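Here is a friendly briefing to read alongside the model.

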Amino acid sequence: MAPPYTKLPHQRHQFRTFIDARIKWVRDPYLDFAVHREKDLQQAVFLKNHILSTPSKSLPLSTASLLKAHLHLPTSTYKFSLKYPSIFTQFHPRPNLPPQLKLTQQALALHKEESAIHSSPIHRKEAVRRLSKLLMLTRACKLPIYIVDRLIWDMGLPHNYVLTLLADFPEYFQVCEIKDELSGEQVLALELVSWRDELAVSELERRVLNCGNSGSKRGRPIAFPMCLPKGFELEKKVWNWFEEWQELPYISPYENAFHLSPNSAQAEKWAVAVLHELFWLLVSKKMERDLAFCVGEYLGFGARFKKALSHYPGIFYVSNKIRTQTVVLREAYRKDFLVEKHPLMGMRYRYIHLMNKVPKWRKQAVVMATGVEQKAALSGECQWVDRKGGKVNCVIQSYRSTGCGPVDIFGWLAAAAAELIIGMVPGFRRAGS
């Protein structure tokens, strides 16, 4: 089972390659903000799912600390949970027992609404449709499961999608064993049971069909939307090349055009079509650049995805925010807002709002602090600062981070003693005093 082989009605411009010109990268503050807004969001949601996957709906801090590498946390699990006290809270189940991590009532309420979206029949069918189209982009309609696992967040799949989604649609998916092209080892893969012609229509082709335009016929030119930011200028010869490139025949990403010369402009337009369709399958219309390249390797494009990102900045934008490089599909955004917002994106924005919510006790603790002092206290890194704005670790931090959870009397006494000791040390003051 493979995509249909494509024969173009003509072969003009078959060997015309991209002109030798440098395209300057221009920062887009709106798209940068759209990326930066979701800082730590994925890690927080994944940690939430780990906590709720346990029978007790809580996790010992000693166990949670082992998740740092697995969840790609920017700091230790302990500090990460302190940073977002509106999501996570620490508590002692009984005196003399080690502290544990659980979710706040607000976070539990959001999770319940998120689960309702994943369980709705409309969303389940839509997730199956997008996952099927992803597999149809591959040459053999197969993809290693560990690659699908890395796409859970971007595809908007439930964290336990194998049991809650795939198992209910055996007519669509099956698990098989393939040879990993990168490692050479045998790995489990997700396979589409049969090719589905009704799904082999790209987003650009759908738009043309909805407009009743005859350009939807195979081999006719379909232009990609170009959204250049203010201050972005192209040399005249580059712009002329783009206009001619847009007039090349559009090859559907669900067709097989690997017979084309990989260095030709026609093959490059097909690679852009595949990458464009891939981003339309994502709920946020963006993903990490390294992950896009990894998927490109399994789709058979290799370095061609890298060329597409560098040659067509009007279609794709690469942001350098939040400790990585993120590729954003420009046309999917108006400033920093999604044009078509998926229901899961609405839930994610609500998680962001809760993460940025500062508890009242923390606000009161820094009401009189300024500069570095405010930043340190509000971030949850410390509750006490010296007069020069430096950070001082204090046992009060672990005491107050428990939020609404029960605190044993020994912890309370330790906190009270620490307050007295720090109050007696010259050169230190409590933030807000």
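## Sheets, helices and cysteines

Three strands form an open sheet in the order S4-S6-S5, and their pairing is antiparallel. S4 (142–144) and S5 (173–179) are the edge strands, each with a single partner, so one side of each has no neighbour in the sheet. From one strand to the next, the twist averages 40°. Please keep in mind that this is a predicted model.

- S5 and strand S6 (residues 186–192) run antiparallel and are joined by seven bridges.
- To find your place in this pairing, look for Ile178, which stands opposite Val187 in S6.
- Helix H7 (residues 121–136) lies across S4, S5 and S6, and runs at about 120° to S6.

**The S1-S3-S2 sheet**

- Another open sheet of three strands has the order S1-S3-S2, again with antiparallel pairing.
- Strand S1 (59–60) and strand S2 (88–91) stand at its edges; each has a single partner strand, so one side of each is left without a neighbour in the sheet.
- Four bridges connect S2 with strand S3 (residues 100–103), and the two run antiparallel.
- Within S3, Leu103 is the bridge partner of Phe88.
- Helix H2 (residues 41–52) packs on this sheet and touches S1, S2 and S3, with its direction at about 105° to that of S3.

**Helices H14 and H15**

- The axes of helix H14 (residues 289–299) and helix H15 (residues 304–311) come within 8 Å and cross at roughly 135°.
- On the H14 side, Arg289, Ala292, Phe293, Gly296 and Leu299 take part in the contact, meeting Phe305, Lys306 and Leu309 of H15.
- By type, the residues of this contact are five nonpolar, one polar and two charged.
- Which residues of H15 are buried? They are Arg304, Phe305, Ala308, Leu309 and His311.
- These buried residues of H15 pack against helix H12 (236–246), helix H13 (265–280), H14, strand S8 (316–319) and strand S9 (326–329).

**Cysteines**

- How many disulfides does a search of the whole structure find? The search finds zero.
- Cys176 counts as buried, at 16% relative accessibility, because the cut-off for buried is under 20%.
- Cys227 has a relative accessible area of 26% and is partly exposed.

Conventions: Residues numbered from 1 in each chain as written. Predicted model: local features only at pLDDT ≥ 70, side-chain atom pairs only at ≥ 80, totals over all residues. Heavy atoms only, no water. Disulfide = S-S within 2.5 Å. Buried < 20%, exposed > 50% of the residue type's maximum accessible area, 1.4 Å probe, protein only. Pairing = 2+ DSSP bridges. Axes fitted to C-alpha atoms, helices over the stretch in contact; angles between N-to-C directions. Contact = heavy atoms within 4.5 Å. Nonpolar A, V, L, I, M, F, W, Y, C, P; charged D, E, K, R; others polar.
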